Amino acid sequence: MKITMIGVGYVGLVTGTCLAEIGHQVVCLNTDKKKSARLQKGKVHIYEPGLDKLVQKNLKAGRLRFTTDYAAAIRDSLIVFIAVGTPSRPDGQAELKYVFQAAESISQHMIDYKVIVNKSTVPVGTGEKVKEIIQRKYSGRFDVVSCPEFLREGSAVTDFLRPDRVVIGANNKKSANLVLDVFKPIRTKKLVTNLKSAELIKYASNAFLATKISFINEISNICDLVGADVEEVAYGMGLDKRIGTSFLKAGVGYGGSCFPKDVSALEQIAGFNGYDFKLLKAVIRVNNNQRSVVVKKAKKLLGSLRGKRIGVLGLAFKNNTDDIRESAAIDVIRLLQKEGARVTAYDPVASKRAKEVLRRVKLAGSAYQACQDAELVVIATEWQEFQKLDWRKVKNLMRVPQVVDGRNILDQNTMRKLGFHYLSIGR
Ligand code: UDX
């Protein structure tokens, strides 16, 4: 099928490329001529394992192309996806202006029936608003469908090609069947429901995953107080199929461009509809507090942090990505600096992006360099690279062998046998 993808961010570029990969003719549309030209040459601007090769493969196969020409891109496609950003506004609400601008642009170039598929994460009822905006300029037939994405950064390509489910929110069979056809090559459970339920499934799913993380982080704080091991507790809980082991990893707290935004947006949506979502307010509070747990442990080892040299390993909000949006690692660095610490930081891929937002932080070219002469090393992102470090070598590089493992990625007995003063989360 001929498909147009509006937006070439994490969601749009992955979705557009993967739709080409499963056989569709895809035009990825965005407003930045330079970005389009770079993408047309196969130069991918985001770090997502496997994506650049997939873009180049589908460009070569002629199934994928990039343009800024709205008129042609809209006119020639039956299905038009909206995959633009919905960042948080200062009050926590989702910023929908980019979605509405895309709807407006689509309406100016429509000449026949189309299905507008909203892939961006949007509050319940946004599909209806998109419909109203299009109807202002276009009196012909069209449908709006919600098809939320469940892609995790760092595994987005796999998550698209092998999803747990595809959710399609439609108000009639015709548009539902057309979108089912789009995903036909993907063997997974396909849920067809109404527009509003589909929009809410996305927020509720992310909010529940974030709730699991804040729950295990609270349990980790209790483990610290009673002397239990949160890794053992999480494992024991997860053996219950109703609970499951995923998203029960205690640490410095969740970050990223989705969980913080979506949890706040859902809390706002509830409030707007007269419901006080007490649980989500607590999830947010617990997550914000978890950053300070790491700093408290640093002070337990060092006393005052004023003037102390601290090496921070990790800047991205999670492993396998260069994305630093709402990264707990960045928050921890700022808290350490507030206590007067002198921070050197390293990340395998996110240093370039972090440089734009950090001040007075020395960015090291390697993990070892970040540990050189440090009196404490803080692990803030769960990169596998940090598990594989030669920690004996790290100990010899450090002025004082002390580690706060904010992601529980190292074995505490091994670290203590090596002679480290080693603290972690809930163990
Ligand atoms: C998330 C959802 O998983 C995905 O379905 C949705 O489409 C987008 O938002 P993402 O934010 O890319 O994906 O990454 P995810 O792997 O969910 O991690 C989110 C944050 O939670 C990261 O900061 C990660 O470090 C943290 N996390 C994750 C934990 O602290 N503990 C866990 O057990 C899992």
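Visitor: Axes here are lines fitted to C-alpha atoms, for helices over the stretch in contact, and angles run from 0 to 180 degrees between N-to-C directions. At what angle do H9 and H12 pack?

Guide: About 45°, with the axes 9 Å apart. H9 covers residues 195-226 and H12 covers 278-302. Helices (H or I, at least four residues) and strands (E, at least two) are DSSP runs, numbered from the N terminus. This is a predicted model: local features need pLDDT of at least 70, side-chain atom pairs count only at pLDDT 80 or more, and totals for chains, interfaces and linings use all residues. Residues are numbered from 1 along each chain as its sequence is written, and side-chain values use heavy atoms, with hydrogens and water left out.

Visitor: How are H9 and H12 oriented to each other?

Guide: They are oblique. Angles under 35 degrees count as roughly parallel, over 145 as roughly antiparallel, 65 to 115 as roughly perpendicular and the rest as oblique.

Visitor: And which hand is the crossing of H9 and H12?

Guide: Left-handed. That label applies if the near helix is turned anticlockwise from the far one by less than a right angle; clockwise is right-handed.

Visitor: Which residues make the contact?

Guide: On H9, Ala207, Ala210, Thr211, Ser214, Asn217, Glu218, Ser220, Asn221 and Asp224. On H12, Leu279, Leu280, Val283, Val286, Asn287, Gln290, Val293 and Lys297. Contact means heavy atoms within 4.5 Å.

Visitor: How does the contact of H9 with H12 split by class?

Guide: Seven nonpolar, seven polar and three charged residues. Ala, Val, Leu, Ile, Met, Phe, Trp, Tyr, Cys and Pro count as nonpolar, Asp, Glu, Lys and Arg as charged, and the others, Gly among them, as polar.

Visitor: What about H9 and H11, how do their axes cross?

Guide: At roughly 115°, coming within 9 Å. H11 is residues 259-272. H9 passes H11 in a left-handed crossing. H9 residues in the contact include Leu200, Tyr203, Leu209 and Ile213. H11 brings Phe259, Val263, Leu266 and Ile269, among them.

Visitor: Where is His24? Buried or exposed?

Guide: His24 sits in the loop between H1 and strand S2 (25-29). At 6% relative accessibility, His24 is buried. Its contacts are Met1, Ile3, Leu19, Arg63, Asp181 and Val182, leaving out residues up to four places away in sequence.

Visitor: And Lys417, buried or exposed?

Guide: Exposed, with a relative accessible area of 77%. Lys417 belongs to helix H18 (residues 412-417). From Lys417 to Tyr275 is 52 Å, C-alpha to C-alpha, and 142 residues in sequence.

Visitor: Zooming out. How many helices and strands?

Guide: 18 helices and 14 strands. The radius of gyration is 23 Å, close to the 22 Å that the globule rule gives for 427 residues, so the chain is as compact as a globular protein of that length. That radius is taken over C-alpha atoms, and the rule is 2.2 Å times the number of residues to the power 0.38. The C-alpha trace spans about 70 × 45 × 40 Å along its principal axes.

Visitor: What share of the 427 residues is buried?

Guide: 56%. And among contacts between residues at least 6 apart in sequence, 73% join residues at least 24 apart.

Technical notes
Buried means under 20% relative accessible area, exposed over 50%, partly exposed in between (1.4 Å probe, protein chains only).
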